[in-house]
Amino acid sequence: MRADKQLKRIVILVLMGFTAIGFGGCQTNGSTNANQEADGKEVTVLPNTPIITDIFTADPSAHVFDGQLYIYPSHDPDELTDPNASSDEGGQYQMTDYHVLSIDSFSGTCTDHGVALSLADIPWAGQQLWAPDAAYKKGKYFFYFPAKDKDGIFRIGVATSKNPAGPFTAEESYIAGSFSMDPCVFVDTDGAAYMFFGGLDGGQLEDWQTGAYVKDSAGPGKSEAALGPMVAKMSEDMLSFASAPTEIAIVDENGDPIMAGDENRRFFEASWVHKYNGKYYLSYSTGTTHFLVYAVSDTVTGPYVYKGQILEPVQGWTTHHSIVEFNGEWYLFYHDDSLSGLDYRRCVKYTKLTYNEDGTIQTIDPYADMAEEN
Ligand code: FUB
């Protein structure tokens, strides 16, 4: 990007951050929060602006339950409890609770349902409540979340509620056989549910290559196949794995594995799976190169064939998303750090997602509208 263009983008983002803090998005006012202008007039939940501005949110997993759109994000803290934590291991993401958000319609209101689950109420967890997801089955809502256990090892837990907004009650222990982070639970059209998970570096996926935890393990060499996300079928009651996790293969158009050195295309973290026209779409973050990309398969467990980019890099190091159909339109929920300028205080946004006739997805520049306006 040219320097003058980049400067212009930074100015726009800073201005947008101030605007958002002032009166954009979904403002908190008690437990139910109308998205209102300063004069009290209700406005739409605008695309590409923070959907909530009085708490920092990230890693949005969006689902439609009972005709309403629920968003299950990470909740970034206002202040770091340990300002010296190593950023190499994602130590700056020190979340201690989760909130659930919901939207009736994009021309309506956004609600912050308050604290849905706290670190203090999860018996096995020690720190870092990272990117969660949720699912529904037979009258029960399931909230899946990663956290480091008391030995500093990432595991994935589950909590349940009768209400999609929680509060959720955590199980005594993490899901047996789970490791690493960023769970995405996909419920297929036949009712079978699968958890996709994993993330490199701070997400510790490399440490499990032997099947057991080996701290600080190196990943594959640049010309070796990259590590893929893991997948496990969920049990009928959604509380455990029905099968041991296996690795998902992500291949190029010739069927060759995406290599670890191919940082524009290889999996890093933030798996999300959705189904469109009978095909499975696995989307994920490329981490170090900051793209959201996707790969497609005819079967849920892959192999997945790499197709292209969904979202260009956002402001901030991390990029994480979900894709959801709501009232006949497809949406991408994502985050950036434009509300604070700090990578560990992020804000959730959404934008429309467009498929081409051949099923490919159009790449989104999240700041395109602002660039056009200026
Ligand atoms: O929010 C903490 C971590 O940052 C998530 O688990 C990753 O996907 C990245 O967004």
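How far is an oxygen atom of the ligand from an N or O atom in the side chain of aspartate 59? In this predicted model, the separation is 2.5 Å.

Alanine 131 takes part through its backbone: one of its backbone N or O atoms lies 3.5 Å from a ligand oxygen. On its own, the ligand has 280 Å² of accessible area, and the protein covers 99% of that area.

Which residues surround the ligand? They are Asp59, Met95, Trp130, Ala131, Met181, Asp182, Glu269, Thr318, His320, His335 and Arg346. Sorted by class, this shell contains four nonpolar, three polar and four charged residues. Asp59, Glu269 and Arg346 are among the charged members of the shell, whereas Met95 and Trp130 are among the nonpolar ones.

Four strands form an open sheet in the order β10-β11-β12-β13, and their pairing is antiparallel. The edges of this sheet are β10, residues 184-187, and β13, residues 246-247; each of these strands pairs on one side only.

Within the sheet, strand β11 covers residues 193-197 and strand β12 covers residues 230-233. These two strands run antiparallel and are joined by four bridges. Which residue of β12 is the bridge partner of tyrosine 194? That partner is lysine 233.

Methods:
Residues are numbered from 1 along each chain as its sequence is written. This is a predicted model: local features need pLDDT of at least 70, side-chain atom pairs count only at pLDDT 80 or more; totals for chains, interfaces and linings use all residues. Side-chain values use heavy atoms; hydrogens and water are left out. Two strands pair if DSSP finds at least two bridges between them. A residue is near a molecule or strand if one of its heavy atoms lies within 4 Å of it. A polar contact is a pair of N or O atoms within 3.5 Å; within protein, one must be able to donate a hydrogen and the other to accept it, and residues adjacent in sequence count only if both atoms are side-chain atoms. Accessible areas come from the Shrake-Rupley method with a 1.4 Å probe; for residues, only the protein chains shown count as cover.
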